[in-house]
Amino acid sequence: MAGTNKKKKFLVSDPIIILKNPQLPENIGMVARTMANFGLRNLRIVKPKVNWPNKKSFSASAGAFDIIEKYTKVYDNFDEAIKDIHFLCATTVRKRDLNFKYATPKVAVRKMKINYYDKKIGFLFGGEKAGLSNNDISEANLLITIPANKAFGSLNLGMAVNIIAY
């Protein structure tokens, strides 16, 4: 679906997308693409499995080059990547034996608009192979679960970011 119009003003908002341990450069490119689709631009990558930047990411981004070149920061340390975040949402498909509040994307965004509209908000996504660890999740203020088929809830990284960005 070709919907790029270079004559239109590019609308942006400030939430930060954080990818922890992403493996495939194509998925990072698709994340950049969906971020551009929904006016997000701040991307943080923690310990990517590939050298960054990567040609495959550019190809998969479908033209979201500014996000990859200008608005992506790579971190070696997870704590460093989230230290300035006021409200962190972690995404997970698995229910954990942790004392956490869970919300759907719609409920989470509504809560943030009311309570955190003037704060730095981050959305944390885990790597393709194993998602986020309990230690990663313990840093979050809220867990977001995307309502999916309980028998097959695993989403592609780009798709998960797309749902949250929407």
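Helix α1 covers residues 25-37 and has 13 residues. From first C-alpha to last, α1 reaches 19 Å, close to the 18 Å expected at 1.5 Å a residue. The expected span is 1.5 Å times one less than the number of residues. Helices (H or I, at least four residues) and strands (E, at least two) are DSSP runs, numbered from the N terminus. The model is predicted: local features need pLDDT of at least 70 and side-chain atom pairs count only at pLDDT 80 or more, while totals for chains, interfaces and linings use all residues. Residues are numbered from 1 along each chain as its sequence is written, and side-chain values use heavy atoms, with hydrogens and water left out.

The buried residues of α1 are P25, N27, I28, G29, V31, A32, T34 and M35. Buried means under 20% relative accessible area, exposed over 50%, and partly exposed in between (1.4 Å probe, protein chains only). An α-helix has 3.6 residues a turn, so residues three or four places apart point the same way. N27 lies in α1 and has a relative accessible area of 5%. Its side chain joins that of N156 in a polar contact of 3.0 Å. Such a contact is a pair of N or O atoms within 3.5 Å; within protein, one must be able to donate a hydrogen and the other to accept it, and residues adjacent in sequence count only if both atoms are side-chain atoms. Just after α1, G39 takes a positive phi of about 75°.

S61 sits in the loop between α2 (55-60) and α3 (65-70). S61 is buried, at 1% relative accessibility. A polar atom of the S61 side chain lies 2.8 Å from the backbone oxygen of F58.

Strand β6 (residues 121-125) is mostly covered, with 5 of its 5 residues buried. I121, F123 and F125 are on one side, and G122 and L124 on the other. Strand β4 (residues 87-91) pairs with β6 in the parallel sense over 4 bridges. Pairing requires at least two DSSP bridges between two strands. A90 stands opposite L124 in β6.

The second largest pocket has a volume of about 460 Å³. Of its 22 lining residues, V93, G127, G131, S154 and L155 are the closest to its centre. The lining divides into 9 nonpolar, 9 polar and 4 charged residues. Ala, Val, Leu, Ile, Met, Phe, Trp, Tyr, Cys and Pro count as nonpolar, Asp, Glu, Lys and Arg as charged, and the others, Gly among them, as polar. On a 1 Å grid over the protein atoms alone, a pocket is an open set of points where a 1.4 Å probe fits, with protein on both sides within 12 Å along at least five of seven lines; lining residues have an atom within 4 Å of a point.

Notes: Points joined across faces, edges and corners; volume = space filled by probe spheres on them.
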